[in-house]
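Hi everyone, thanks for making time.

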Amino acid sequence: MEGECCDHHLSPNRKISRLMSNATDNEWEEERRLFRKVIKTFGTYQEYAKRKLKSTMRFVESLPKRHQDLLVDYRDHIRSFHTFIDVNQSLFHLILESVGSLYENHNQIYGSMHDNDHHPPLQPTPSDYDKLNSIMKQLVRDWSAEGVPERHTCYKPIIDEIEEQFSHIESKEDIHILVPGAGTGRLTHEIVRKGFATQGNEFSMYMLFTSNFILNKCWGENLHTCYPWMSECVNVLRAEDQIRPVVFPDLDPSDLPPGAKFSMTAGDFLDVYGVTEQQNAWDCIATCFFIDCATNIIAFIERIYGCLKENGVWINLGPLMYHYADLPDERSIEPSYDCLIDIVKKIGFKLEKEDVGVSTKFAANRESMLSYTYQSVFFVCRKTSSVEGEIVSKVKNNSRICEVSGECSSNSVEIKSEIYCSNDNNQVDKEKDECCQTGCKF
């Protein structure tokens, strides 16, 4: 379940391996198309962003001359975006360069990035390019000095609670902690740095590509720069705020304890952790801004319960955004917090700590004229008893199973993953997030 680097050294040519099973040719073909769509989105950001820029300039040029004369500074500001778009594209190219080493048998499964599909390629949409903007803002939150305040309010309570729960344990590496919805991996990384055996899980290919780049290819501090705020055209106080650079990572991701046990899984949480060997497997599950990503939040809670060992601890912090609540053609349930915590208890958890009204933000622009603050909930629950019915509803033979292990630098730790690609598309339209054809919005 964990990948471990002995003395932090691995062969530089070590790559991820994938094992395919229980998937039809058509299903794999569709996954290849979705994978290549994500590749194309990263690769054509510059083209898309400059096309939008050109459209804005054309509109300015269509205005009356007296208006154009008043917009001289504005036009110069917009023109300056070209340089910063190029910087962002350079970053996305670096992320793409690391994708080829994401899977050992990458070409067998996905083919070369330049191979022709048997079907017309899927074209990126504006919402796909918006995900790249989200990726950059996630990098700010997770891996920049600017993100320290958010990490302090969102991650520190979870990390502190983990340390308190297992303060009596001498061998921290014997405590296994799972972090679903790991994003670009900072919370998972911080828990590993405390000495615990930790596994992150992520569904979005955009996040997986980026976390692979950060965790396996960034060997130092403040190596890269991006401009995440250019896409924010409203509530801008000063023109310079739009082109404010962000440098990352603020620490060396490869700086981990000797023998650190760090792993990542790719795929839908319900599928990956619905297999028999994941039952009663984890000492602690930590969720941050995650549980409201489900169409059926009860399924998430049941899966968390089933994966925990007896007396295992679930630590949660976040709001109840319910990502699917307002999406057309999507059905979901949105219980209030008081209703939800009652469900948590009925499933078999004992509520040990609870703090409501915890002020938190998510990937916020500190210079914007608009700021959202969530009054999040923080709670700690313990698995105390069995529940009637089937908690783990899916077994291995209902999923395609792919084993993955990542590449490490000389000062890094192996990222080893298992990807479970469900044949079931009930959770979400595959066009919303391109990973294994099922999963949650990020």
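Predicted model: local features only at pLDDT ≥ 70, side-chain atom pairs only at ≥ 80, totals over all residues.

**A first look around**

Residues are numbered from 1 along each chain as its sequence is written, and side-chain values use heavy atoms, with hydrogens and water left out.

The chain has 442 residues, and 55% of them count as buried; buried is under 20% relative accessible area, exposed is over 50%, and partly exposed is in between, with a 1.4 Å probe and protein chains only. For secondary structure we get 15 helices and 11 strands. Those are DSSP runs numbered from the N terminus: helices are H or I with at least four residues, strands are E with at least two.

Now let's zoom in on helix 15, residues 337-347. Which of its residues are buried? They're Tyr337, Leu340, Ile341, Ile343, Val344 and Ile347. Looking down the axis of helix 15, these buried residues fall within an arc of 155°, so they line one face of the helix. That arc is taken from the directions from the helix axis to the C-beta atoms. Over on the other side of helix 15, Asp338 and Lys346 are exposed.

What covers that buried face? The cover includes helix 14 (297-307), strand 7 (308-318), strand 8 (349-360) and strand 9 (374-383). And just after helix 15, glycine 348 takes a positive phi of about 130°.

Tyrosine 337 has a relative accessible area of 16%, so it counts as buried. Leaving aside neighbours within four places in sequence, tyrosine 337 is in contact (heavy atoms within 4.5 Å) with Leu320, Glu354, Val356, Val377 and Phe379. Take valine 356: it sits 19 residues from tyrosine 337 in sequence, and the two are 9.6 Å apart in space, C-alpha to C-alpha.

That's my tour, so over to you for the discussion.
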